[in-house]
Amino acid sequence: MSATPTQAEITSALSRWLAPGSILSQPEDVRPFETDGLSSYRQLPYVVVLPQTEAEVQSVLRYCHEASIPVVARGSGTGLSGGALPHAQGVLLSLSRFMRILDIDVLSRTARVQPGVRNLAISEAAAPLGLYYAPDPSSQIACSIGGNVAENSGGVHCLKYGLTVHNLVKVQAVTMAGEIIELGCDALDSAGYDLMALITGSEGLLGVITEITVKLLPRPQKAQAILAAFDDIEKAGQAVASIIAAGIIPAGLEMMDGPATRAAEAFVHANYPLEAEAVLICESDGTPEEVADEMARMQAILENSGAIETRFSQDEAQRLKFWAGRKAAFPAVGRLSPDYYCIDGTIPRRTLGAVLKRIYEMSREYGLKVCNVFHAGDGNLHPLILFDAAKPGEFERTEAYAGKILELCVEVGGTITGEHGVGVEKINQMCVQFRPDELATFHAVKAAFDPEGLLNPGKAVPTLHRCAEMGRMHVHHNQTAHPDLPRF
Amino acid sequence: MQNTLHALMDQVRNAHATDTPLRIRGGHSKSFWVAADAPQELNLRPYSGVVDYEPSELVITVRAGTPLSEVESLLLQQGQMLAFEPPHFGPMATLGGTIATGLSGPRRAYVGSARDFVLGVRMIDGMGRDLSFGGRVIKNVAGFDVSRLMVGALGSLGVITEVSLKVLPIPAFETTLEWHMQEAAALTRVNEWGSLPLPISATSLHNGRLRVRLSGAEVAVRAAMRQIGGDSVADGALWWQLLREQRAPCFETERPLWRLAVKSTAAPLGLSGAVLTEWGGALRWIASDHAPAQLHKAARDAGGHALQFRGANPAHPQLGSLDPVLAQIHRRLKHAFDPKGILNPGLPGNF
């Protein structure tokens with residue numbers, strides 16, 4: 001391979017296919033792309049391209065493939081695991097100009113959209129037809145649907161309505177070699193392996209997504225929420241288990257611990273009970289009859305589980321008010337502390353009490369405050385660690401604490417990321433969750449799409465070498481994967 | 001008897017070492033559809049048992065050889081179900097075979113398919129390595145989604161040894177309604193209903209008779225009945241059971257049975273031999289001697305794909321023609337998971 005081309009060489013080569021305003025390389029122009037939603041990681045991109053058509057994306061990728069230049073695709077840059085962190089010698093490929101909703105087919109309940117379209121914009125466009133796009137990550141006003149596919153994003157309603165992967169019909173992507181591939185089809189399944197499932201959540205390592213067809217759902221006639229307060233977080237956890245055990249799949253089932261509740265209340269004044277050690281928001285949707293029935297059943301279960309207070313939303317404004325605090329939990333916590341660090345582990349719900357106890361203990365050990373918000377329905381826990389990056393060593397201590405929480409999630413049978421992705425952030429914890437043979441399999445999957453390893457290199461899947469160096473060995477049931485092998 | 005994971009791994013490792021192709025077998029219930037050409041059998045049936053089931057987690061983990069019927073009875077005791085209503089096609093159908101074939105039943109169009117409910121898979125790859133992907137929790141985005149890749153891969157990428165699935169509560173109330181209606185009108189009708197917040201959980205269209213199943217809270221189902229009308233079907237539950245297992249009389253045919261998965265709104269295909277349309281119009285069964293190329297083309301034109309499901313000789317599902325770039329990715333994946341091509345050779349078709 002020849003030496004890495006200079007910025008000028010790349011810019012000049014790409015200008016054959018892209019308009020001058022679509023190629024950026026001056027520091028002041030590329031600065032806005034140096035980080036995504038995980039702002040503790042920054043890297044100036046070498047060159048930024050803003051193509052407008054799929055053909056331009058193909059040209060960029062073909063050229064980079066030929067010249068062995070790494071490429072990082074980027075949507076709205078709201079990701080929380082550093083998946084769109086630029087590569088120092090690479091091209092950052094922004095899909096922000098792919099902003100069009102191409103078609104909404106009301107009869108088949110699908111929308112064909114470009115990857116840069118905002119998640120919420122799809123539901124807004126479909127609203128006049130009585131339809132919406134179900135996955136609703138908290139960042140839905142800003143995050144792009146392409147990014148949602150790349151991360152397999154969830155949302156507060158995904159226990160009932162599924163993740164991104166459950167709401168896709170078809171994905172079109174360009175491979176690193178510049179070839180267009182169509183995954184999925186207009187039918188409910190397609191020939192061959194399920195590559196659409198595989199590319200969903202692949203964090204930009206397999207292809208650059210250029211067009212997406214999503215499923216739309218009929219908007220429920222009614223939604224109503226109950227807010228329940230508990231003086232003990234274990235009781236709240238038990239209430240969640242009892243609701244599910246009673247055969248109810250609530251549209252939303254969210255929990256906040258005492259510190260998160262108080263932070264949210266101070267921020268949005270949702271009238272949350274301040275004395276509560278845990279607050280649950282349970283939402284029911286469907287026909288008015290169905291909602292009334294489900295709400296009554298949930299209320300009985302919550303009260304039997306020891307709720308000190310239950311409140312029904314009386315109208316849409318109040319329902320949204322209940323949610324406002326939960327949806328604003330991150331910025332609310334952000335007001336308590338100069339910095340906070342958000343964690344995204346998933347645990348079997350039944351371990352919630354034990355896991356939270358351990359998180360609080362570690363909070364004291366590390367001398368760092370923590371608030372917890374929890375997608376209780378699907379076991380996705382978001383502890384928010386409060387810290388001050390200006391204090392020497394505090395960020396490092398925070399990262400160590402966060403790492404311990406993720407390892408705890410794996411230990412109780414959960415996972416290091418429920419919906420934010422691995423990116424650069426959790427790459428070391430991948431060595432805890434997966435064994436060397438499994439990581440090798442991931443690399444082989446990557447190579448099937450991108451043999452040269454040029455798409456988003458260094459993200460999502462650690463090298464075996466890195467895991468060995470980290471000294472983190474996967475321990476499963478107290479046994480290492482290959483007890484016969486010498487360890488480093 | 002390969003009733004331990006190690007015995008299964010040993011057999012695959014030996015097969016890998018000696019270049020011996022393996023025919024992966026569960027309950028032998030779907031061999032009419034897919035049958036690999038290989039002299040040596042790898043029998044998963046004895047590797048059975050429930051590993052973990054906690055109803056309030058909505059997750060069950062079972063070994064691949066566990067009979068589907070056993071899993072379903074266990075769930076039933078807790079008022080839960082495999083919501084994708086997998087067909088058994090035989091008394092000994094196993095959960096491993098269910099996931100490897102990736103087949104889903106009448107509820108599929110409304111709640112999701114086998115792959116939508118898979119949370120994690122433990123498997124042995126073509127080198128005999130024990131691998132785990134996904135997990136036992138509802139949300140998990142660590143690593144590539146290899147567990148869903150295994151669904152419908154017909155064992156060609158690995159031997160599934162354990163599966164974790166999301167389960168759902170059995171609906172409190174179900175009822176079936178019927179209308180007499182021609183195909184084109186019925187297709188429009190079921191798609192229009194799909195845009196409304198109605199608790200539809202299955203549809204079938206056969207010989208001018210449209211049937212719709214409603215599932216959910218009794219109040220919601222009754223409200224929907226008032227909204228859409230139709231005649232009540234007395235033996236509705238039995239009908240969906242017969243449809244799911246393809247034991248309804250319309251499936252009795254001497255001709256090859258083709259499965260055409262198409263866009264739900266696709267106009268009537270105009271092919272003779274129509275058997276039944278389900279999944280809100282998205283799955284059309286046709287019994288015919290038409291040339292395969294004609295059926296592949298009809299399905300492609302309707303936004304989907306065709307495959308022969310039952311016929312004189314159990315066929316390797318014919319993929320029609322995969323786009324060359326996709327075919328290359330398929331070959332590379334197959335090579336990555338099974339470099340010597342010993343797992344279910346010939347399945348799922350030639351790339």
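Author: In chain B, E3 and E4 form a hairpin with four residues between them, and B:Leu58 in the turn has a positive phi of about 60°. This is a predicted model, in which local features need pLDDT of at least 70, side-chain atom pairs count only at pLDDT 80 or more, and totals for chains, interfaces and linings use all residues. Residues are numbered from 1 along each chain as its sequence is written, while chains are lettered from A and ligands numbered from 1 in the order in which they are written.

Reader: What makes E3(B) and E4(B) paired strands?

Author: Strands are DSSP runs of E with at least two residues, helices are runs of H or I with at least four, and both are numbered from the N terminus. Two strands pair if DSSP finds at least two bridges between them. Four bridges join E3(B), residues 50–54, to E4(B), so the pair qualifies under that definition. The two run antiparallel, and B:Val50 stands opposite B:Val62.

Reader: Which strand does E4(B) join through five bridges?

Author: That strand is E8(B), residues 159–166, and this pair also runs antiparallel. Within it, B:Glu162 is the bridge partner of B:Arg63.

Reader: Why is E4(B) called largely enclosed by the rest of the structure?

Author: A residue is buried if 20 or more other C-beta atoms, placed from the backbone, lie within 10 Å of its own; 12 or fewer makes it exposed, and in between it is partly exposed. Four of the five residues of E4(B), residues 59–63, are buried, so the strand is largely enclosed.

Reader: How do you know which residues of chains A and B are in contact?

Author: Contact requires C-beta atoms, placed from the backbone, to lie within 7 Å. By that rule, 77 residues of chain A are in contact with 66 residues of chain B. H16(A) gives the most to the chain A side, with eight residues.

Methods: Two residues are in contact if their C-beta atoms, placed from the backbone, lie within 7 Å.
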